[in-house]
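Hello,

Here is the structure you will be taking over. Please look through it first; my notes follow below.

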Amino acid sequence: MNVHATPMPVTPPATVLKVEGLKKHFGGIKAVDGVSFHVNEGEILGIIGPNGCGKSTLFNCILGQLQPTEGAVELDGEAITGLFPAELNRRGVSRTFQLLQVFPNLTVRENLILAGQEHQGSMMSRLFGPKDAGLSAEAEKMIGFFNLGHLAETKAGGLSYGQQKLLDAAMAFMAGPRLVLLDEPAGGVNLTMLASLKDRLEAINREQGATFVVIEHNMDFVMSLCTRVIVMAEGKVLATGTPAEIRANPAVIEAYLGH
Amino acid sequence: MSRASIFSRIDANLATILIGAAILWFAPAGLKSYGLYVISFWLVMSIAAMGLNLTLGYAGLKSLAQAAFLGIGAYATALITAKGGIAGATWSWPLAFVVSGTLTFLAGVVLGFPALRVKFHYLAFVTLAFATLMFLIFRNEQWLTGGVYGFSNIPRPTLFGAKLNNDLAFFRFVLIVSVLLSLAMWWMLRSPWGRAFQALRENPLRAASLGVNLRNYTLLAFAIGSAYGGLAGALYAPLVEFIDPAPFAVSASFVLLLTVVVGGQGYFLGPFLGAAFSYVLPEVLRFTGGLYLLVYAAMVLILLLISPQGIIGIVEKFRERRRQKDAQDQRDASKAMLGA
Ligand SMILES: Nc1ncnc2c1ncn2[C@@H]1O[C@H](COP(=O)(O)OP(=O)(O)OP(=O)(O)O)[C@@H](O)[C@H]1O
Ligand SMILES: [Mg+2]
């Protein structure tokens, strides 16, 4: 991404997501312990950190799967703390989960249509309208985009792990979201597919202007995909910066990259 | 195209409904009234089971009150249509049908809303309590329901000025209503609603993250499923012409649950098979005398041990094996081609 060398009289990029002092405690475990950060429009923000440092819990608190113990979350300046996941999704925020979550008994196409249908019309129009909710063309596009072409009619449960991972990500994009939170999209995906996944994410970011937050352990993936990276450790933010800055940060090297 | 999900299979279900309806229209012409009664009864219980299949099989909610909903429909219909009917001979049954469906739909909403707010499995307890309560009302509120003596002289509906006293004519009436209700269910399940119901059964967490409003869909699945119980009740009352509380007891709700499971929960045609098993088979097994319940229970047990997915599950197993064989053949063929 280009960084303007000279200060220009442009309005700073709009903040899409803002997290303020977020805490989540499970009994004595402080899984998330006062995390604050923001995400700018069009950004691909990476979150890295050792196992169990609270990354997934942070996502779950932002997206309503868990109630935060403390703290606030804002979407476009509006408080969304504690909203239901379905409501957030309808406001244009979508996600994937760390553990693969496709619907194994639905075909690839049905999975994609499901992922978009609740954004089409009203309850009643969905009952009386076409069975694909008018999304067949969109699903087809997504299937082509993620190279799942020959698998459209296959049950998702019958795909390879990597293919399911691609489908899982594709589902997050069906409704044309503005903000997408991906929890370890590259986990268990082979190198070839990894390259294609990265390529797809970059294309969606560029073409649709979608903003991303990506949790990932794969350093090459994060460092080449993301514009900015947050490092977490033990429920707290350890450092924030560009991939280059993070790589050079002694505290980060000590805590995480060192081993 | 016919592979994979329930949704692509549903058109085969449509064909089955229509062909089945055509066969049933003509087939029983030679049957005596007892035979017609048994088939009519099978259709009525299939509709009740179809509702429960939506609740349990598609949406994954455990309702233990389907027979109570059937009872509400049956008693409402008896009250509305008896003694000349409160809206005249022609309009009393249609009114009773609408009232039965509406009452049970609303009962579904009233029971489901608080239950589903707390936790999904609370619905089982709430419906169990409701089924018990309804049975007590059917039995004890003699002024309304006739109590243990029951409610007799429930008339057959009148269609185009003619009362459907002829058993064949009434059977065909039941058939038409059943087909219409089946078509409505078929339509709903193939619409995006059906997909959402299935999604919330398979993985509510993921479904919610995709914008599926769990509460709305769950409540709808339960209320519509209950309404099918009530609508079946509106056919049940004029079919048997005499109702008492026994067929709407809690144990009857369990038999309906078993019916859905035996047929194959989550399969569109499962309820028809299950109802044949639960309500027609006992008629056939009458010769065993008092042993029939034992034989029936043993058969259920064996069936579910062989195929936890019920009768349809057995069919599916064969189809799946076939599918895999086809796929293997295809792989072999392409391997051969690559080798050449
Ligand atoms: N529901 C829960 N109940 C109790 N403790 C939990 C719960 N969920 C997470 N934790 C704990 O919170 C901490 C953070 O977990 P989390 O899953 O957020 O880590 P993570 O950073 O995503 O790890 P990983 O990289 O392995 O996915 C861990 O110690 C975990 O055991
Ligand atoms: Mg995690």
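S209(B) sits in helix α9 of chain B, which covers residues 204-209. Please note that this is a predicted model. Is S209(B) buried or exposed? Its relative accessibility is 3%, so S209(B) counts as buried, the cut-off being under 20%. Which residues does S209(B) touch, leaving aside neighbours within four places in sequence? They are Q65(A), P85(A), N89(A), R95(A) and F97(A).

**Chain A against chain B**

Now the interface as a whole. Chain A puts 36 residues into the contact, and chain B puts in 30 residues. Between them the two chains bury about 3000 Å². Carbon and sulfur atoms account for 58% of that area. On the chain A side, F103(A), M123(A) and K131(A) supply 24% of the area buried against chain B. That is more than any other three residues.

K131(A) also takes part in a salt bridge, with D11(B) as its partner. The closest N and O atoms of that pair are 3.9 Å apart. Across the interface of chain A and chain B, the rule finds three salt bridges. It also finds 17 residue pairs in polar contact there, with both residues at pLDDT 80 or more.

Which elements of chain A give two or more residues to this side? They are α2, α3 (108-117), α4 (123-128) and α6 (161-173). By residue class, the chain A side divides into 17 nonpolar, nine polar and 10 charged.

**Two domains within chain A**

Chain A is divided into two domains. Domain 1 takes in 15-92 + 178-259, and domain 2 runs over 101-177. Their C-alpha centres lie 25 Å apart. In the contact, 22 residues of domain 1 of chain A meet 15 residues of domain 2 of chain A.

The two domains of chain A bury about 1500 Å² between them. Of this, 70% is on carbon and sulfur atoms. In domain 1 of chain A, the residues that lose the most area to domain 2 are M193(A), R200(A) and I204(A). Together they make up 32% of what that side buries.

How many salt bridges does the rule find across the interface of domain 1 and domain 2 of chain A? It finds zero. Polar contacts do turn up: three residue pairs, both residues at pLDDT 80 or more.

Helix α7(A) gives the most, with eight residues. The residues on that side divide into 11 nonpolar, six polar and five charged.

**Helix α1 of chain A**

One last item. Helix α1 of chain A spans residues 55-62 and is mostly covered. Eight of its eight residues are buried. They are K55(A), S56(A), T57(A), L58(A), F59(A), N60(A), C61(A) and I62(A). Just after α1(A) comes G64(A), with a positive phi of about 85°.

Best regards

How values were computed
Residues numbered from 1 in each chain as written. Chains lettered and ligands numbered in written order. Predicted model: local features only at pLDDT ≥ 70, side-chain atom pairs only at ≥ 80, totals over all residues. Heavy atoms only, no water. Domains from an automatic or database assignment. Contact = heavy atoms within 4.5 Å. Buried area = accessible area lost by both parts, 1.4 Å probe. Salt bridge = Lys/Arg side-chain N within 4 Å of Asp/Glu carboxyl O. Polar contact = N/O pair within 3.5 Å; in protein donor to acceptor, adjacent residues only side chain to side chain. Helix = DSSP H or I, 4+ residues; strand = E, 2+ residues; numbered from the N terminus. Nonpolar A, V, L, I, M, F, W, Y, C, P; charged D, E, K, R; others polar. Buried < 20%, exposed > 50% of the residue type's maximum accessible area, 1.4 Å probe, protein only.
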